[in-house]
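The points below go from the overall make-up to individual residues.

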Amino acid sequence: MFEIPLAELVLEKLNRDDKTPLQRQLYQIIHDLINNGKLPPDKKLPSSRFLSKEAGISRITVSLVYERLVTEGYLYSREGSGTYVSKVVTPLVPSGNAPVMKSWVYSERGARLLLSESSPPQPKGEFVPGIPDVSEFPFHIWRKILGKYYSKKYLHLSGYAESGGYVELRKAIAAYLAISRSLQCDPDQIIVTFGTPQSLDLCTRLLSDPGQQAYIEDPPYWATESVFEAGGLKVNCIPLDEEGMALEDGMIAANGKFIYVTPSHQYPTGVTMSMERREKILALARKHQLWVIEDDYDCEFRHDDLHLPSLQSLDQGNHVIYFGTFSKSMFSGLRLSYMVVPPGLAPAMRRAISNLYLPGMLQLQAALAEFINEGHFYRHIKKMRAIYFERGALFRQRLKAVFGNKVTLSQGNSGLHLMARFNTLLSFEQFSLCARRHGMIVRQVKFHKPTEHGLCLVLGYGGVPTRDIAGAVDRLQQVFIEGERGLFFSGA
């Protein structure tokens, strides 16, 4: 049978008038061709240079798509030979008398989820945002406490979790929040979850219906948009100003459901929401009967003197659901987080999390409760706050010394990352390709309504040892030099 070359199939399916980026389109085209058997196992793909030339798209775009499909197991590379379709992928085609699928393999929501941005492929490397320094964590203490609860004496902790989480952990979190964030809440209002995305998914499933609307910050935390859209919600990205999310009354639709904000330290810009804006958000929530999700993801590492009250502590109408996590304060693989929900919502939320996820890991929760109650958690936070403050200050100083007026940095002295806008002609795809050669993994800041030119990056410094910061910034400069030199010689 006559075989149509991949380049022609790509040209046939690419829609240059579509707002969907060409990189996403190309990924989906090759992905579907593999799944429907048109690109069989061990089929050799054209080189990135050839496909780029034939399809009229950049070579970097093709290279990044190939790279992603290799990472996901759809393709594999042979050094010096080329790129091939993996043998382990089973094409999604009917056999025998099986009925033919007339629609997408994935739902519309599923397709959006798979094409959306995801976490970095590895939780290491210079400048990966959101990664704490695990070398400073007291694993010797944690291991001793954890081992205690995995003994036969605590066999009763081997089943499913109690509704909302282990009661002693909920008590410990409530007591900690009362001191650290002035939150007055009963342990019954604490819902223990396994990561902030699960908290968000639970709220979406329980409190909204497909087609309703959510309002999030622009630029957003990458996972927020993915979870809301996977739940069938329409997401509206609201620009930020120096006071935080600039949400106005006229922007809110009749079927609005959520306002998602990071008021203490906006991710990724670092903006702190003003007191006036906090009160305005709560007033809008009361007027339009919206749920406000307050994500306080790195509240432990605020370094300035301005400690504004949380939205939860200001809320008089029971509209605020407060999110917290231990992934930044302890280590990212822990995957333990929590919500503080209004009293009237707590029983339904406890039942929903049990029905949907059947949570367990009671030994882990018991160990964390003891870790907090014995003071180990607070001592670790106090130690890391000083370390991150020093790293953040040094990182800013070194970036300005090396890049000068070619870089603009976000304000604030909080958290484990900063936002940097570089004055360069490099696209993120071009920069990323060079950065990977140097072992760097960075995340692009994606504004839905861009107002400035340049390359905007989220640069994490939490996991970079203090002694390595100067060298890391120098290597970052080298990435820009190599990328811009390649751009010059290519004539782009």
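This is a predicted model: local features need pLDDT of at least 70, side-chain atom pairs count only at pLDDT 80 or more; totals for chains, interfaces and linings use all residues.

1. Leaving aside neighbours within four places in sequence, leucine 39 is in contact with Leu6, Ile30, Leu33, Ile34 and Val85. Leucine 39 belongs to the loop between α2 (22-35) and β1 (44-45), and with a relative accessible area of 6% it is buried. Its C-alpha atom and that of leucine 6 are separated by 8.6 Å, although the two residues are 33 residues apart along the chain.

2. The loop between α2 and β1 also holds aspartate 42. The phi of aspartate 42 is near 70 degrees, a positive value in a residue other than glycine. Aspartate 42 counts as partly exposed, at 34% relative accessibility.

3. The protein has 16 helices and 15 strands. Of its 492 residues, 52% are buried. Among contacts with a separation of 6 or more, 75% are between residues 24 or more positions apart.

4. How do the axes of α7 and α13 cross, and at roughly what angle? The axes of helix α7 (residues 167-180) and helix α13 (residues 362-373) come within 8 Å and cross at roughly 35 degrees. The crossing is left-handed. On the α7 side the contact involves Glu168, Leu169 and Ala172, which meet Gln365, Leu368, Ala369, Ile372 and Asn373 in α13. By class, this contact has 5 nonpolar, 2 polar and 1 charged residues.

5. Helix α13 also contains glutamine 363. Glutamine 363 counts as buried, at 11% relative accessibility. Apart from neighbours within four places in sequence, glutamine 363 is in contact with Leu146, Tyr149, Tyr150, Leu157 and Ser158. In the loop between α12 and α13 lies methionine 361, which has a positive phi of about 55 degrees although it is not a glycine. Methionine 361 is partly exposed, with a relative accessible area of 42%.

6. Arginine 350 is a residue of helix α12 (residues 346-357). Is arginine 350 buried or exposed? Its relative accessible area is 19% and buried means under 20%, so arginine 350 is classed as buried. Leaving aside neighbours within four places in sequence, arginine 350 is in contact with Ser163, Gly164, Asp188 and Ile191.

7. Helix α15 (residues 428-437) has 7 of its 10 residues buried, so it is largely enclosed by the rest of the structure. The buried residues are Phe428, Gln430, Phe431, Ser432, Leu433, Cys434 and Ala435. Glycine 439 follows α15 and has a positive phi, near 75 degrees.

8. Aromatic rings deserve a separate point. A search of the whole structure finds 21 aromatic pairs. In one of these, phenylalanine 137 and phenylalanine 139 are arranged edge-to-face, at 4.8 Å centre to centre and with 70 degrees between the planes. Phenylalanine 137 is buried, with a relative accessible area of 5%, whereas phenylalanine 139 is partly exposed, at 33%. In a further pair, phenylalanine 403 and phenylalanine 480 have ring centres 5.7 Å apart and planes at 75 degrees; planes over 60 degrees apart count as edge-to-face, so this pair is edge-to-face. This pair links distant parts of the chain, since phenylalanine 403 is in helix α14 (residues 376-403) and phenylalanine 480 in helix α16 (residues 469-490), 77 residues apart. Phenylalanine 403 is buried, with a relative accessible area of 9%, and phenylalanine 480 counts as buried at 5%.

9. Two further ring features may be listed together. Phe137, Phe139, Trp142, Phe331 and Phe371 form one aromatic cluster. Arginine 68 lies over the face of tyrosine 27, at 3.9 Å from the ring centre.

Methods: Residues are numbered from 1 along each chain as its sequence is written. Side-chain values use heavy atoms; hydrogens and water are left out. Axes are lines fitted to C-alpha atoms, for helices over the stretch in contact, and angles run from 0 to 180 degrees between N-to-C directions. Helices (H or I, at least four residues) and strands (E, at least two) are DSSP runs, numbered from the N terminus. A crossing is left-handed if the near helix is turned anticlockwise from the far one by less than a right angle, and right-handed if clockwise. Contact means heavy atoms within 4.5 Å. Ala, Val, Leu, Ile, Met, Phe, Trp, Tyr, Cys and Pro count as nonpolar, Asp, Glu, Lys and Arg as charged, and the others, Gly among them, as polar. Buried means under 20% relative accessible area, exposed over 50%, partly exposed in between (1.4 Å probe, protein chains only). Rings of Phe, Tyr and Trp (its six-membered ring) pair if their centres lie within 6.5 Å; planes under 30 degrees apart count as stacked, over 60 as edge-to-face and the rest as tilted. A charge sits over a ring if NZ of Lys or CZ of Arg is within 6 Å of the ring centre and within 35 degrees of the ring normal.
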